[in-house]
Each structure stands twice: as C-alpha cells, then as structure tokens.
Amino acid sequence: MSDFGHRLSTSMSLKHILQDRRLAEPLLQEIEKTAAEISRTVRIMEVCGTHTVAIRGSGIHSLLPENVLMISGPGCPVCVTPTSYIDNALQLLETSDTTVASFGDMLKVPGSDGRNLAGYMGGGRVRIVYSPAELLSIAEGTSGSVVFLAIGFETTIPTVAAAFLQARRAGLSNLYLYTAFKTIPPALRALLSSPDRQLDGFLLPGHVSVIIGVQPYRFLEEPGGVPGVIAGFEPLDLLQGILAVLRQTGRGEQRVENTYTRAVRTQGNPKAREIMNQVFEPADALWRGFGEIQASGLVLKGDYREADAALHFSLPPLYNLEPPGCACAQVLQGRLPPTECPLFGSSCTPEAPIGPCMVSSEGTCAASFRYGEAVL
Amino acid sequence: MCLAVPMKIVKIDSAGKALVKQDDLETEVDLTLIEDPKVGDYVIIHAGYAIDLLDLEEALERLKLFRAMEESG
Ligand code: SF4
C-alpha cells in the first residue's frame, strides 16, 4: 500500500498503474467467470466516443469473452451533427464576411455537396480552436463578426459558457454561437425506448458525468431500464466498468453505478452546471441517426439570444440527409458494425471520409479502421 | 471530443488562470469552472479549462482493490 502511495505521487504514474497488464489479468478472469454464468450474449453500449477509442486502442474489445459484445453509441459530437449544419456554416462563409471558428474535428466533415470547411482555411476565414478560451482573442482581433461552431456534450458546454461570459465581460459583441450542443441522458432514453433495441447495459461517459453527476441517469433504474456504469478511460477503468455491468446483469439488477470515483462526484460539478445554465437553456435538437430528440440540446437564453448565430444570420433549419451509401446513422445507434457498411475501408477511409463517423478520430468507423487488431 | 487529462496546478494567477504541469508538459488553463482550486491540486483538463478536481485518495482506494484482486488471484 505504501508502495502505491509512493507511486501515486504523480498522476502520470497513476496512468501507468492503470495500464498495468498484471493488474488487468484478475479483472479479465473475473469478467470471464461472470460472463460464463450468464448464458446469453450481453451487449454493452459504450456511449462515449472517447471510450470507443480507449477500448479499441487498448484492444480490450478483443480480450472479452465471446458472449460480451461492446457496441459503440452516439457519443461523438461531430458524428451526431447533421450534414445540413455544415451546409449552413458553408453558406455563412459564402454569403457574409463572417469568420468561422471551430474545433478541428469539424473541418473535414463533408457538406451535402462534398465540400468542407477546411477549404476555407487558407483565406483565414476559418479558424481552428483547441479551447473556447481562444475565442476571446479571435473576436478581439476581428473587425467583423465571429461565429463559433458550438458543438459538444456536457463536458464541453460549460467551457463554451465560461468563454462566452468572459467575452461578454470584455465587451466583445461580435462573437456569435451557432449552437448544436447535445445532452446525453435524452439520447439514452431514446435508445432505451427503441422498439427493437438490443441492449443490455450502458458504459456511461466518464467526463460528461464529471459535470452532470449520477442523478440524471436515474431513469435507467426504472422498469425497462438497464444497468448503467460510469467508467474512466484507462484499461483498468474500462475493465472495471465492464465487469460491473456484467455483475449487475448476472444478478438481474439495473442500477446506476459510479466506478470512476476519482473524477466523478455523485453531485457532479455544480459550479460548472451553474455557469452553463446561466448562459444556455434546453431546447429540442436534431441528431444524426436519431432525428429530433426532445430537450436534448442547449441554446442561448434570454438576452444572450442576440448572440445566437442561427437567429442573427437567419440560418435555415436543420434537417437530416445522409451522404449516399453512408450507414453512419445506423452505426450511431449501435445497429450496424462499421465493417458492414459497404463503403468501409474501400471508398471511405480517414484520409477520404464520406461520413462523419469516419472523419472524427472518435467516430466508430475511424476507430474500427485504425485499431482493427490492437492488443492491450 | 470528451478527452480530458489530469494535471497538477503549480501556479495560480489573479485572473483565475493556472499553470498546470504533467511530466515535461506545462500549459495554462482556466479555473473558472471549479470551486476553490489550490496549488498542488490535481485537476481534470478539457479544452483548456479545468472541469473538476481529481480525488487522489479515491484513486488510491480503487488501486488497493485491484492489488487485493491480484494477490488473491
Ligand atoms: S464507413 Fe464511411 S460511409 Fe460507411 S458508415 Fe462509416 S462513415 Fe459512413
């Protein structure tokens, strides 16, 4: 134990311990044993794209017993954003002198005519941000308007809210948000209520949960629900989360459980939520793959609506239209493994992506393409 | 896009920004979203903002469990 205490003196060594194959072994055996006692296939959806990459990248999916299947869910913000959103952003660039700021992931997503935002990088009209905090200096240094393509889940939304408030305080009224934020619990509800669902449990997104805590998932405990386990991202975290889902399944339970306790508090992060709620309010939102889900988005509220890019620039409403042949919509609902899309790896690759699931590094198609056979 | 990493606060300035460090990596982050940050705390960083504190005691407890499993296995 003192040994652990010592090794824990930096969180980097914590990372190393959590990747330790020797410590993974007993967890894998426990998973094996628990799965063997359940005489059917258990389908566990990892909701979060970062989980998808972690599971694929570590090769955990290939170490699991045959009757335990990991399926990827809708947890990739770029992937669930409709193509028409890209079309609108392109239209904005063409019909005004607006500067568009975006997270890098969005730039290579094809619009409905195949063009993308990266095409505007050269002229400086499109700016990549790593952090919403950079929006302040971009807005400061731009004489015209700046529109931020505000996508993301609860992990990211408070950071945008904080940056937006900072910009307001600095008197920057040329910053607009084109919001296509999504919140996770309503999407889980939609997945649960799907009539032909094949789903035995959720691995719940660790960093979304850092913000929202445990409470918003409680509906999973109601009749018709499934086990839901909040998990971290290192190999031992993932194994522990998977084991917890299996144990609940074996016992016929359906509880919300938190196995990522070093990061996720039961109440989440109330201060971050307060800042988020100061700026945004719930609204219906359109998801690729799901259609419209009630109250699953967040938009600017009250006086801040004057900074809503969709209103200010009268952008057309969003609709869903998939690139021809692209099965991303089914992939996002966990209905189809990417490898069964006829375009996978042939005409659709990360270098020349057709759908968003192949563009974002967190997209299920991209993860399958990159990490086909990786091992822990 | 929900990738987040733990780093340690080494300095806090008056504007609510902090210098955080992990191994050789040093970067500036914004502390607006967290309650009562202190130098020496580990924070979870996402998109340039600390989104919460990391609880090392809890991490230690979990590791004890893993270690016990390894020893009994
Ligand atoms: S492989 Fe490409 S075309 Fe097929 S579903 Fe994935 S993103 Fe769409």
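Q: Which residue is the bridge partner of B:Ile12 in E2(B)?
A: B:Ala18 is the bridge partner. Keep in mind that this is a predicted model.

Q: How do E1(B) and strand E2 pair, and over how many bridges?
A: They pair in the antiparallel sense, over four bridges. E2 covers residues 17-22 of chain B.

Q: What do E1(B) and E2(B) form?
A: A hairpin, with four residues between the two strands. B:Gly16 sits in the turn and has a positive phi of about 80°.

Q: And how does strand E1 run relative to E4(B), parallel or antiparallel?
A: Antiparallel, with four bridges joining them. E1 spans residues 5-12 of chain B. One bridge pairs B:Met7 with B:Val43 in E4(B).

Q: New topic. How many residues does each chain give to the contact?
A: Chain B gives 34 residues and chain A gives 45 residues. On the chain B side, strand E4 (42-46), strand E5 (49-53) and helix H1 (56-72) each give two or more.

Q: Which of them gives the most?
A: H1(B), with 11 residues.

Q: How does the chain B side divide into nonpolar, polar and charged?
A: It has 19 nonpolar, five polar and 10 charged residues.

Q: What about the largest nonpolar core, how many residues does it have?
A: It has 145 residues. Among those with the most contacts inside it are A:Phe148 and B:Val43. Helix H12 (residues 235-251) of chain A gives the largest share, eight residues.

Q: Leaving aside neighbours within four places in sequence, what is A:Phe148 in contact with?
A: Its contacts include A:Ala101, A:Leu135 and A:Tyr178.

Definitions and conventions
Residues numbered from 1 in each chain as written. Chains lettered and ligands numbered in written order. Predicted model: local features only at pLDDT ≥ 70, side-chain atom pairs only at ≥ 80, totals over all residues. Contact = placed C-beta atoms within 7 Å. Nonpolar A, V, L, I, M, F, W, Y, C, P; charged D, E, K, R; others polar. Pairing = 2+ DSSP bridges. Core = buried A, V, L, I, M, F, W, Y, C linked by C-beta atoms within 7 Å. Buried ≥ 20, exposed ≤ 12 C-beta atoms within 10 Å, placed from the backbone.
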